[in-house]
Every structure is written in C-alpha cells, then in structure tokens.
Amino acid sequence: MLPEEYQKARVLPPHLRKQPAPEAPFSYVIRDAKSSDLPDIREIYNHYVLNSVVTFDEKAMTLREWKGKFAHLTKHGYPILVAETPSGQVIGYALVQPWRQKSAFRYTVENSIYLRAASTGKGLGRDLLGALVDRCQEAGYREMIAVIADSGAEASIKLHEEYGFKEVGRMGRVGFKFGRSIGTVTLQRSMKKASKKA
Ligand SMILES: CC(C)(COP(=O)(O)OP(=O)(O)OC[C@H]1O[C@@H](n2cnc3c(N)ncnc32)[C@H](O)[C@@H]1OP(=O)(O)O)[C@@H](O)C(=O)NCCC(=O)NCCS
C-alpha cells in the first residue's frame, strides 16, 4: 500500500488557507489627454479598426497620424479626454472633432469614444461621455453628433440614448467592411444644460 493510500491528505482549516488576492476595484480618473497618451490611444483605437465594424476605418492608424490629429484638435480647443487607472494605464478615451469643415457648422461637434476591451461594461463609457459633454458645454459648443454603425455597436447606441441623444437619421449600406455592408445611425444631443437624463 502506498503512503498516499493510507495517509489522509491534510487540509488546512479555512482560516489558515491562503486567501486569493482581493480583486482591485475598477477606479480611474478622467483628465485631458497628453501627447504621451497617444501610443495608448492608438492601441485602443486600432483594436476596433482591425476587429470590429464600430469604426469605418479599415487600416490601423499610425502614431504619426494620431500626433497630427492631436495637434490639430488641441490647437483648436477640441476636448480630448482619457481615463487613467491608479497604475497609470490609459483604459479609454473620448474626443470631439468638427462635424463639418464649413464655417457655419462651427458650434457642432462629432464625438468618438473608445474603451479598452477589458474596461467595457463597467460604467466607464458613461463617465467619459458625461465628462466630454460637460467640457463641450463649457467650451460653448451647441450640438453633439454621434454617427454609429447600425450593427455591432449596440452598446454605443444604448449609451448615447441613455445620455439624452436622440436618433435623427439612418443611412443604409454606406459602409463596406469585412465583406459586408454596414449602415449608420446618427444621434444628436443639444449641449444646452438640464437636458441630461437622470
Ligand atoms: C461603446 C462603449 C463606449 C460603451 O461604454 P461601456 O462603459 O462599455 O458601456 P456599457 O457596456 O455599460 O453599456 C452601455 C449600455 O449598453 C448596454 N449594452 C452593452 N452591450 C450591449 C449589446 N450588445 N446590445 C444591447 N445593449 C448592450 C449595456 O447593458 C448598458 O445598458 P444599461 O446601462 O441599461 O445596462 C464601449 O463599450 C466601447 O468602447 N465599445 C467599443 C468601441 C465603440 O463601440 N465605440 C463607439 C463607437 S461609435
């Protein structure tokens, strides 16, 4: 008979067993983006470029392209926000850019919001969108537009609707990615205060 067959395996009582490390709370601060955040922003965005239809870009953006976009947007005062964990990881960003180039559209902005895949579904999108709306109100913008893919972006549509955006139009088959046609849903929200949903 082998020792393990007659010796009972010893099990430590629960209070002496090693406890698993507690899960770190999901915490972050939202702040203005810096140029040093661009590699993280690029990585977050390119994940969706290469793996989803939530963006109509098909080619990964280069750091040089992000630097150019960042310089242009910050020069003209468009807010770009990031969410950063206590350990310094950028886990999401939100920005606005001009809705159209023609000057009479100057008070209208189009938003863009992307989270690291592991940081979705925990309320961060709501906080980032809220902070972005606040910043755009302070900056004097009047209308915010979101153009969202009509399939595969349900969380984004829901998030915007919960934040008071209203659907103002749909376009079918205007995009083509991964071998299939994709349409867009356009949502709009006034930047006037007090229209935020409770
Ligand atoms: C879209 C995004 C910013 C939303 O932020 P988030 O913090 O993940 O938001 P949540 O996952 O809490 O979802 C918001 C709402 O959508 C709902 N939702 C999530 N996935 C859904 C799905 N597949 N179908 C329907 N509703 C969905 C959630 O239940 C939640 O509703 P609730 O508040 O009633 O529970 C984030 O998921 C993201 O970065 N996604 C990938 C990139 C992207 O799509 N960006 C937007 C491009 S337009």
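Predicted model: local features only at pLDDT ≥ 70, side-chain atom pairs only at ≥ 80, totals over all residues.
The model contains an open sheet of seven strands in the order β1-β2-β3-β4-β5-β7-β6, and the pairing is mixed. Its edge strands, β1 (residues 29–32) and β6 (166–177), each pair on one side only. On average, and with direction ignored, neighbouring strands of this sheet are turned by 25° against each other. Strands β3 and β4 run antiparallel and are joined by seven bridges. Within this part of the sheet, Gly-92 stands opposite Leu-115 in β4. Helix α4 packs on the sheet, where it touches β1, β2 (80–84), β3, β4 and β5 (143–149). The direction of α4 makes about 35° with that of β3.

Helix α2 comprises 14 residues, 38–51. At 1.5 Å a residue the helix should span 20 Å, and this agrees with the end C-alpha atoms, which are 20 Å apart. Leu-38, Ile-41 and Ile-44 are the buried residues of α2. In an α-helix there are 3.6 residues a turn, so residues three or four places apart point the same way. The buried residues of α2 pack against helix α3 (63–75) and against strands β3 (90–98) and β4.

The ligand is surrounded by 19 residues, of which Thr-120, Gly-125, Glu-154, Ala-155 and Lys-158 are the closest. At least two residues of this shell are supplied by each of β4 (108–115), α4 (124–139) and α5 (154–162). The largest share, six residues, comes from α5. By residue class, the shell divides into ten nonpolar, five polar and four charged residues.

Methods:
Residues numbered from 1 in each chain as written. Near = placed C-beta within 6 Å. Helix = DSSP H or I, 4+ residues; strand = E, 2+ residues; numbered from the N terminus. Nonpolar A, V, L, I, M, F, W, Y, C, P; charged D, E, K, R; others polar. Expected span 1.5 Å × (residues − 1). Buried ≥ 20, exposed ≤ 12 C-beta atoms within 10 Å, placed from the backbone. Contact = placed C-beta atoms within 7 Å. Pairing = 2+ DSSP bridges. Axes fitted to C-alpha atoms, helices over the stretch in contact; angles between N-to-C directions.
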